[in-house]
Amino acid sequence: YLVTATGLKAARTVSVGDALTLGDSQAATVTAVQREVLTGLYNPHTISGSIVVDGVSASCYTTTVHPVVAQVLLAPLRLAYTYLGLRSPRF
């Protein structure tokens, strides 16, 4: 999901003319859209559920589970990380 002037919007639904929120909270109007398919698995998670990618504010969540549901389901892990100092193993 990307952060737009109207809330979160799945990247595949963003179109020319949409206003995206940048990492510095400024707005930028979408002037072109293209699809890019990459191999691999990319899905970083942050404590807040948000991330800045190439200067654009985005959500860490996928369209598989609604962001609100994902935020609730991951709450125990965020709490463990924040208050118990638990860290995930490094691969």
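The exercises below, each with a worked solution, concern a predicted model.

**Exercise 1. The nonpolar core**

Determine which residues make up the largest nonpolar core, and state whether Leu20 is buried or exposed.

Solution. 
- Step 1. The largest nonpolar core has six residues: Leu2, Val14, Leu20, Val30, Val56 and Ala58.
- Step 2. Leu20 sits in strand E3, which spans residues 19-21.
- Step 3. Buried means under 20% relative accessible area. Leu20 has 12% relative accessibility and therefore counts as buried.
- Step 4. Nonpolar side chains tend to be buried together in soluble globular proteins.

**Exercise 2. A hairpin and its turn**

Describe how strands E5 and E6 pair, then examine Asp54 in the turn.

Solution. 
- Step 1. E5 covers residues 50-53 and E6 covers residues 56-59; their pairing is antiparallel, over four bridges.
- Step 2. Asp54 lies in the loop between E5 and E6. Its phi is positive, near 50 degrees, although the residue is not glycine.
- Step 3. Most residues other than glycine have a negative phi.
- Step 4. The cut-off for exposed is over 50%. Asp54, at 79% relative accessibility, is therefore exposed.

**Exercise 3. Another positive phi**

Locate Ser25 and classify its phi and accessibility.

Solution. 
- Step 1. Ser25 belongs to the loop between E3 and strand E4 (27-29).
- Step 2. The phi of Ser25 is positive, about 75 degrees, and Ser25 is not a glycine.
- Step 3. The relative accessible area of Ser25 is 61%, so the residue is exposed.

**Exercise 4. A surface patch**

Which residues form a nonpolar patch on the surface, and how does Val69 classify by accessibility?

Solution. 
- Step 1. The patch consists of Val65, Val69 and Leu73, with about 250 Å² of accessible area together.
- Step 2. Val69 is part of helix H1, residues 67-73.
- Step 3. The relative accessibility of Val69 is 42%, so Val69 counts as partly exposed.

Note on methods. Residues are numbered from 1 along each chain as its sequence is written. This is a predicted model: local features need pLDDT of at least 70, side-chain atom pairs count only at pLDDT 80 or more; totals for chains, interfaces and linings use all residues. Side-chain values use heavy atoms; hydrogens and water are left out. A nonpolar core is a set of buried Ala, Val, Leu, Ile, Met, Phe, Trp, Tyr and Cys residues joined through side-chain atoms within 4.5 Å. Buried means under 20% relative accessible area, exposed over 50%, partly exposed in between (1.4 Å probe, protein chains only). Patches are made of residues with over 30% relative accessible area and no salt bridge: like charges are joined within 9 Å, nonpolar side chains (Val, Leu, Ile, Met, Phe, Trp, Tyr) within 5 Å. Accessible areas come from the Shrake-Rupley method with a 1.4 Å probe; for residues, only the protein chains shown count as cover. A salt bridge is a side-chain nitrogen of Lys or Arg within 4 Å of a carboxyl oxygen of Asp or Glu. Helices (H or I, at least four residues) and strands (E, at least two) are DSSP runs, numbered from the N terminus. Two strands pair if DSSP finds at least two bridges between them.
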